[in-house]
Structure formats: structure tokens, C-alpha cells
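Thank you for coming, everyone.

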Amino acid sequence: MDGSSPIEFFCIFFDDDIVGYIASETNRYAEDFIEKNDLTPSSRVQKWKDVDSSEIRVFLGIIILQGIVQKPLQKWYWSQRPLLSTPYLKQLMSEKRFSIIMKFLHFTNNETIDLETHPQPGLQNIYEVYDAINRKFKSSYVPERDVSVDESLLLYKGRLGCKQYLPKKRARFGIKFYQLCESSSGYIWNSLIYTGKDMPLWNESPNYKSTTNIVMTLLENLLDKG
């Protein structure tokens with residue numbers, strides 16, 4: 001992979017299958033929404049057109065760019081004011097198209113979710129894509145001997161049942177991960193998202209009151225299942 005570009009690395013994990021799946025589920029959700037809701041003729045949803053894999057890749061690229069060039073309001077990225085505008089985005093996608101894709105962006109088929117048999121009900125809305133990307137991380141690289149497992153907090157301040165408040169962390173509010181990483185590079189080889197008692201392995205350790213015991217149990221299982 002020497003000399004490879006960032007987009008080539010990105011496409012290893014977000015390959016055609018995963019991006020195509022996101023496009024398919026987004027279209028499915030949009031169609032269901034339009035069928036089940038009494039929309040006014042002036043509703044912007046009436047102008048919905050199916051997305052394809054290429055448009056989803058552009059959409060994801062804009063999301064990544066918004067994380068680099070940060071602004072307090074989404075509409076400011078398409079602002080006409082010279083002090084606020086990001087002219088390049090207009091060449092990629094209009095604000096209206098971006099907003100409607102964001103509205104219908106979906107990662108699973110709601111009709112097939114069975115909470116009684118689901119491997120992690122707390123992640124029901126993203127599980128298929130998260131699991132597929134996690135498997136990509138494990139199949140794309142073999143880590144060196146020295147690895148580490150620890151907690152990681154992803155900043156998130158929205159509404160979410162499994163959101164954690166950890167005052168000693170830099171982010172403080174967010175989604176907690178347990179991650180198995182290569183020590184030398186920090187490459188994430190496997191991970192679990194904390195969602196409470198429905199999290200895998202929760203019932204496998206009687207000593208989960210100790211963070212050390214949690215991490216050691218996760219290390220054993222993440223290595224075994226890898």
C-alpha cells in the first residue's frame with residue numbers, strides 16, 4: 001500500500017458492497033416514508049429521487065469535509081456570503097439535495113428487525129453497516145504482536161440512550177467504545193460499542209463492576225472472535 005492515496009484506503013473499508021447497501025436502504029426508507037405519510041404538494045419530499053452509490057460517496061465526502069471545515073450551521077456551507085461560503089461544495093451537491101439525503105439516510109431495513117433475536121438491539125439502526133466495517137478492519141490488516149484494549153469516547157451531544165457522561169474524558173459526553181488496537185500504529189482491529197446490558201459479552205463476566213475485568217474479558221473475546 002506504499003504510495004496509496006487516502007481515498008484508496010477509504011475505499012478498502014467503504015467498498016462497493018457497503019456503499020451500495022447504504023444507497024439501497026436509504027431508497028427503501030424514503031419510499032416507505034412517502035407511501036405512509038400524507039404529504040402536501042409543496043413538500044420537498046415529493047421531489048425525492050433515488051440515490052446511487054456514486055452520490056452516497058459524494059455525500060460521505062461532504063460529511064468528512066464538514067468535520068475538517070467546521071461551521072455552527074449546516075446551511076452556512078452553502079451560504080452566498082463571502083465570509084461564510086465554501087464554494088467547492090456547490091460543485092458537488094446542492095444544499096437541498098444534501099439535506100434530503102440526510103433526512104432519509106438509513107442503514108437497515110426496519111421491517112426485518114427482530115429485537116428478540118438481534119445480536120445488539122441498542123445498535124439496531126446501524127448494526128449491519130457497523131458490523132460490516134468492523135469485519136473489514138479485521139480482514140484488511142494483520143496487527144503486530146503488541147496490542148492494547150481500552151475505552152474510547154466518541155464526542156456526541158445528541159439524544160441517544162447509550163450516551164455516556166465521563167467527566168474525566170476530554171469529550172465528556174459521547175459514545176463509549178471498547179477497542180482492540182495495534183500498539184505501534186493505533187490501528188483499530190476490532191471494537192465494541194457500549195450499549196448497556198444488550199452489549200455482547202455482558203453476561204459472560206460476573207465481575208463487570210471492575211473496568212479492568214471488563215477490558216480483560218473483552219481482550220480475550222475480541223482475540224478469539226477475530
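This is a predicted model: local features need pLDDT of at least 70, side-chain atom pairs count only at pLDDT 80 or more; totals for chains, interfaces and linings use all residues.

K36 counts as exposed, because its relative accessibility is 59%, where exposed means over 50% relative accessible area, buried under 20%, and partly exposed in between, with a 1.4 Å probe and protein chains only. The side chain of K36 meets that of E111 in a salt bridge of 3.3 Å, N to O, a salt bridge being a side-chain nitrogen of Lys or Arg within 4 Å of a carboxyl oxygen of Asp or Glu. This pair links distant parts of the chain, since K36 sits in helix α2 and E111 in the loop between α5 and α6, 75 residues apart. E111 is exposed as well, with a relative accessible area of 57%.

Residues are numbered from 1 along each chain as its sequence is written, and side-chain values use heavy atoms, leaving out hydrogens and water.

By the salt-bridge rule, the count comes to seven. One of them joins the side chains of D15 and K136 at 2.7 Å, N to O. D15 lies in the loop between α1 (6–13) and α2, and K136 in helix α6, so the pair ties together parts that are 121 residues apart in sequence. Is D15 buried or exposed? D15 is buried, at a relative accessible area of 13%, whereas K136 is partly exposed, at 23%.

Let us turn to the helices, which are DSSP runs of H or I with at least four residues, numbered from the N terminus, just as strands are runs of E with at least two. Helix α2 (residues 16–36) and helix α6 (residues 127–140) pack at an angle of about 175°, their axes 11 Å apart; axes here are lines fitted to C-alpha atoms, for helices over the stretch in contact, and angles run from 0 to 180 degrees between N-to-C directions. That makes α2 roughly antiparallel to α6, because angles over 145 degrees count as roughly antiparallel, under 35 as roughly parallel, 65 to 115 as roughly perpendicular and the rest as oblique. In this packing, I18, Y21 and I22 of α2 meet E128, V129, A132, I133 and K136 of α6, where contact means heavy atoms within 4.5 Å.
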